[in-house]
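Trainee: I would like to learn how to read a few features of a model. Please take me through them one at a time.

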Amino acid sequence: MRRRLLVLLISTPLLPSLAATSLSRNDDPGGIIRIRRDADRLAPLVKSELSRGFLEATTQLPTVAPRTLYQDPVRKVFLTESAAEKLDPSAFAGLKKVSADETLYYNTKYGSPLAYVLPLEQLALAGFKGWEGRKVLDFGYGGVGPLRLMATLGADAVGVDVDPLLPALYSAPSDQGVIETAPGARGRVTLIDGRFPFDPTTKANVGQGYDLILSKNTLKRGYVHPDRPTDKRRLIDLGVDDATFVSTLYSALKPGGRVLIYNLCPAPSSSDKPFIPAADGRSPFDRSVWEAAGFRVLAFDKDDSTAARALARALEWDRGEGAMDPEKDLFALFTLVEKPAAS
Ligand SMILES: C[S@@+](CC[C@H](N)C(=O)[O-])C[C@H]1O[C@@H](n2cnc3c(N)ncnc32)[C@H](O)[C@@H]1O
């Protein structure tokens, strides 16, 4: 089952449907037990206090009781159990039951939330020191785990995404809002459903005043501007041109705020094989577009594959059924830009 998660992690931004039992795993403890075990394995690899704190915060992740969701395969939406039960019997009969356990809650379709230590290491190197009082946006967050960990450390952590699974999966009052942490830190998780910045309501809900905008495995050139013709369902349509998207990020940041795009990628295919959008992890936006918006480019399409491969081995992506060979199958690129402090 780990293979399925890994394939999803690096190969597709969108999953059309979930089978009722498709994401439960038999070969590991799953849920937060697995996340804490992975945190112990990653601890010797990380160099920054920022990442160490993130890993240690896994001890404060709450357990989550299994939830039942329903998928409407025709409308491609997910319903909570209570919403589904309000439907008339004929509508209810057309729904597919989805069991959401703690593993799905924290890993969703993309695997360990702890892979976020890779971008955190780069942020730390660039001088980002801690989460307390920081406002952070994760564009294409895909799962609450990383946001919850940042909020546990005092961040005002906001995620925006278009996946219809997420609002149903995170519909309990305890999934969002203030996260009380000891001693005295007080973070917050806010999850926003919609296309940012294309949809004006979503844009208003995301708002401004961010210290950091992070996007992992979402803003890839292969998804946004594929080099070869590709099925649109495998791509990401931002709904606005590059200059508009980048200048919206600029406006959303405080002076001195940063944008980090961090992408894990499989190996590209040869020209005689179908194009793999996920394999092109370069910035979708040219350096000149970032600069024209006012950003200072601190790193552009910089390679971080060595660190990614070490993480892959620690998380055992190279073991078991369908294991990858990190040396051949895993690459990482990141782009880091800064809004000048004086602007
Ligand atoms: C490959 S996943 C990455 C999830 C998470 N950031 C991670 O690294 O595990 C890509 C995410 O981008 C989201 N996405 C796709 N198009 C989007 C859009 N236009 N706006 C926001 N999110 C989008 C998908 O729903 C999905 O959750």
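Trainee: Which residue's side chain meets that of Arg309 in a salt bridge?

Mentor: A salt bridge is a side-chain nitrogen of Lys or Arg within 4 Å of a carboxyl oxygen of Asp or Glu. Here the side chains of Arg309 and Glu327 meet that way, at 3.8 Å from N to O. Arg309 sits in helix 14 (residues 305-314) and Glu327 in helix 15 (residues 326-329), 18 residues apart. Helices (H or I, at least four residues) and strands (E, at least two) are DSSP runs, numbered from the N terminus. Bear in mind that this is a predicted model: local features need pLDDT of at least 70, side-chain atom pairs count only at pLDDT 80 or more, and totals for chains, interfaces and linings use all residues. Residues are numbered from 1 along each chain as its sequence is written, and side-chain values use heavy atoms, with hydrogens and water left out.

Trainee: Is Arg309 buried or exposed?

Mentor: Buried means under 20% relative accessible area, exposed over 50%, partly exposed in between (1.4 Å probe, protein chains only). Arg309 has 11% relative accessibility, so it counts as buried. Glu327, at 45%, is partly exposed.

Trainee: How many salt bridges does a search of the whole structure find?

Mentor: The search finds 23. One of them pairs Arg221 with Asp286, with the closest N and O atoms 2.7 Å apart. Arg221 lies in helix 11 (residues 221-224) and Asp286 in the loop between strand 9 (253-265) and helix 13 (287-293), so the pair ties together parts 65 residues apart in sequence. Arg221 is buried at 14%; Asp286 is partly exposed at 40%.

Trainee: What links Glu338 and Arg258?

Mentor: Their side chains form a salt bridge, 3.0 Å from N to O. Glu338 is in strand 11 (residues 331-338) and Arg258 in strand 9, 80 residues apart. Glu338 is buried at 10%, and Arg258 is buried at 13%.

Trainee: Now strands. Which strands pair with strand 4?

Mentor: Two strands pair if DSSP finds at least two bridges between them. Strand 4 (residues 135-139) pairs with strand 5 (residues 156-161) in the parallel sense, over five bridges. Asp138 stands opposite Gly159 in strand 5, and its bridge partner in strand 8 is Leu214.
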